[in-house]
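Me: I have just opened this entry and would like a short tour of it. Could we go through it one topic at a time?

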Amino acid sequence: MIRVMTEAEVRALPVSVDVETAGRAFGMGRTKSYELAREGKFPCRVVAVGPKFRVPTAAIMEVLGIDPAGAQVTADDAA
């Protein structure tokens with residue numbers, strides 16, 4: 001079972017993440033996340049960097065309706 005990230009966990013992410021991590025924010029597993037990224041159907045913007053994909057955290061927050069100017073959370077707070 002996939003555990004969806006909390007808002008605090010999303011806020012604690014670095015500027016960009018891999019597709020698997022971004023998929024967890026949307027409740028998707030690794031296979032589905034990469035499938036959607038390859039097909040151009042991922043829920044938010046995905047950037048191809050060579051053979052790999054990166055997902056801007058700001059794009060994840062936008063789709064999830066998280067205000068980036070809201071309360072700042074550190075990685076320790078998200079744990």
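Me: What does the accessible surface of the protein come to, and what share belongs to carbon and sulfur atoms?
Reply: In this predicted model, the accessible surface is about 5,000 Å². Carbon and sulfur atoms hold 54% of that surface.

Me: And what percentage of the residues is buried?
Reply: Of the 79 residues in the protein, 32% are buried.

Me: Which secondary structure elements does the protein have?
Reply: There are 5 helices and 3 strands. Starting at the N terminus, the elements follow the order α-β-α-α-β-β-α-α.

Me: In what order do the strands sit in the sheet?
Reply: The order is S1-S3-S2, in an open sheet with antiparallel pairing. Strand S1 (16–17) and strand S2 (47–49) have a single partner strand each and stand at the edges, so one side of each lacks a neighbour in the sheet.

Me: How many bridges join S2 to S3?
Reply: S2 and S3 are joined by 3 bridges, with S3 covering residues 52–56. Within this pairing, Val49 is found opposite Lys52 in S3.

Me: Which helix lies across S1 and S3?
Reply: That is helix H4, made up of residues 57–64. Helix H4 runs at about 55° to S3.

Me: Changing topic, how many aromatic pairs are there in the whole structure?
Reply: The search finds 1 aromatic pair. Phe26 and Phe42 form this pair in an edge-to-face arrangement, at 5.8 Å centre to centre and with 85° between the planes.

Me: Why give both a distance and an angle?
Reply: A pair of aromatic rings is described by the distance of the centres and by the angle of the planes.

Me: Where do Phe26 and Phe42 lie?
Reply: Phe26 belongs to the loop between H2 and helix H3 (30–39), and Phe42 to the loop between H3 and S2. The pair therefore ties together parts that are 16 residues apart in sequence.

Me: Is Phe42 buried or exposed?
Reply: Phe42 counts as buried, because its relative accessibility is 8% and the cut-off for buried is under 20%.

Me: What about Thr21: where is its place?
Reply: Thr21 is in helix H2, which spans residues 19–25. With a relative accessibility of 17%, Thr21 also counts as buried.

Me: Which residues is Thr21 in contact with, leaving aside neighbours within four places in sequence?
Reply: Thr21 is then in contact with Met5 and Leu13.

Me: Lastly, what share of the contacts with a separation of 6 or more comes from residues 24 or more positions apart?
Reply: Such residues account for 50% of those contacts in the protein.

Terms used. Residues numbered from 1 in each chain as written. Predicted model: local features only at pLDDT ≥ 70, side-chain atom pairs only at ≥ 80, totals over all residues. Heavy atoms only, no water. Pairing = 2+ DSSP bridges. Helix = DSSP H or I, 4+ residues; strand = E, 2+ residues; numbered from the N terminus. Contact = heavy atoms within 4.5 Å. Axes fitted to C-alpha atoms, helices over the stretch in contact; angles between N-to-C directions. Buried < 20%, exposed > 50% of the residue type's maximum accessible area, 1.4 Å probe, protein only. Phe/Tyr/Trp six-rings, centres within 6.5 Å; stacked < 30°, edge-to-face > 60°. Areas by Shrake-Rupley, 256 points an atom, 1.4 Å probe, with all protein chains shown as cover.
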